[in-house]
Amino acid sequence: MKRTSAALKLIARKNLDGKYGTPMAALLLLGMCTLVPSFLISSTMDTSSAMGIITSQILVYVVSLIVAVISAGYSKLMLNMERQNPFAVKDLGFAFSHHPDRFIIVHLILLLVQFIICLPFDLPVWLNADLPEQQFLLLTVLSTLASSLTSLVLGLFFGLADYLLLDNTELSALDALKESARLMKGNKGRYFYINLSFLPLYLASLLTCYVGFLWLMPYIRATMAAFYMDVTGELDAPVSIN
C-alpha cells in the first residue's frame, strides 16, 4: 500500500524514539567529513585567479563524491534502525566495504548533470575573478537555486539508487539508477510532498543556529528510509536484510 507522508513520519518517529543518540553522533561525524575538507580548501586555495577558482571547485566536487559514499552509510544506519536491526556509527563505512565505486559512479553522473545545468551561472564567476560584487551575488544565487531544483528533480527519478545499492551489493550503478526510476513511477508526487513537508522544520532549525538539524536530519532520513521500504513493499511484508 502507498502510505501517506504522515504515516511514514509516524513510523520514523516510533523507530527513532529513545534512539536519537547514534544517528545524531553519526550526523556530526558526517558533517565533520564535509566541513573540515571544505574549510581546508577554502582557506588554502588561492581564489584570486580563474585557475585557482576552478581548481578549488574541482577539489570540492571530489570531496562531495567521497562524502556521498559516507552519506550512503548513513542511509544504511537508518535502514537498520527502521528494520529493527543492530545499528551503529560504524555503519557510515558500510559503502566503502561494498564496492564504493558503484556509489561514486551514481553520484558522479548526478553531479555531472548538476554541473551542466549550473555551468551558465558558474562559468562567468570562475573565469572572471574581478566580477562586480552585485553580479557575483546574483550568479551565486542563481547557481544555488539551479543546483537545488536540479537535485530535487533528479531525486524524483533516482532518489532510491543508494538504498538499492545498499540492499543489493552486486547491483551495478546504472542498474540502480534504472531500478530507481522504475520504482519512482507513480511515487514522484509522494516523494516531492514528503520533501516539501519538511520545509517548515527546516526554517525552524535555521532559527536555532542550525542546532535543530541534529534532530531534524535523522527524522528526515528515517522517513525517507521508510518511504523506500514502502515503495518496495517491505513495510507490508517485512524482511530482515543485514
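**Close-up 1. Tyrosine 228 and its stacked partner in the predicted model.** Tyrosine 228 counts as buried because its relative accessibility is 3%, and the cut-off is under 20%. Eight aromatic pairs are found in this predicted model. In one of them, the ring centres of tyrosine 163 and tyrosine 228 are 5.0 Å apart. Their planes meet at 15 degrees, so the pair is stacked. The pair links distant parts of the chain. Tyrosine 163 belongs to helix α6 (residues 161-167). Tyrosine 228 belongs to helix α10 (residues 213-231).

**Close-up 2. The edge-to-face pair of phenylalanine 198 and tyrosine 219.** The two ring centres are 5.3 Å apart, with 90 degrees between the planes. Phenylalanine 198 sits in the loop between α8 (188-197) and α9 (199-207), and tyrosine 219 in helix α10, so the pair ties together parts that are 21 residues apart in sequence. Phenylalanine 198 counts as buried, at 1% relative accessibility. Tyrosine 219 counts as buried at 11%. Phenylalanine 198 also has a charge over its ring: the charged end of lysine 9 is 4.4 Å from the ring centre.

**Close-up 3. Lysine 76 over phenylalanine 94.** Here lysine 76 lies over the face of the ring, 4.6 Å from the ring centre.

**Close-up 4. The largest nonpolar core.** This core has 51 residues. Met78, Leu160 and Phe227 have the most contacts inside it. Helix α10 supplies the largest share, twelve residues. In soluble globular proteins, nonpolar side chains tend to be buried together.

**Close-up 5. The surroundings of methionine 78.** Neighbours within four places in sequence are left aside. Methionine 78 then contacts Leu16, Pro23, Pro218, Arg221, Ala222 and Ala225.

**Close-up 6. The second largest pocket and its lining.** The volume of this pocket is about 170 Å³. Its lining includes Ser38, Ile41, Ser42 and Thr47. Ile53, Ser56, Gln57 and Val60 also line the pocket, as do Val125 and Trp126. Helices α2 (21-44), α3 (50-82) and α4 (100-127) each supply at least two lining residues. Helix α3 gives the most, with four.

**Close-up 7. The ring cluster that includes Trp126.** Trp126 is one of the residues lining the second largest pocket. Ring pairs link Trp126 with Tyr61 and Phe115 into a cluster.

How values were computed:
Residues are numbered from 1 along each chain as its sequence is written. This is a predicted model: local features need pLDDT of at least 70, side-chain atom pairs count only at pLDDT 80 or more; totals for chains, interfaces and linings use all residues. Side-chain values use heavy atoms; hydrogens and water are left out. Rings of Phe, Tyr and Trp (its six-membered ring) pair if their centres lie within 6.5 Å; planes under 30 degrees apart count as stacked, over 60 as edge-to-face and the rest as tilted. Buried means under 20% relative accessible area, exposed over 50%, partly exposed in between (1.4 Å probe, protein chains only). A charge sits over a ring if NZ of Lys or CZ of Arg is within 6 Å of the ring centre and within 35 degrees of the ring normal. A nonpolar core is a set of buried Ala, Val, Leu, Ile, Met, Phe, Trp, Tyr and Cys residues joined through side-chain atoms within 4.5 Å. Contact means heavy atoms within 4.5 Å. On a 1 Å grid over the protein atoms alone, a cavity is a set of points where a 1.4 Å probe fits but cannot get out, and a pocket is an open set with protein on both sides within 12 Å along at least five of seven lines; lining residues have an atom within 4 Å of a point. Grid points are joined across faces, edges and corners, and a volume is the space filled by probe spheres set on the points.
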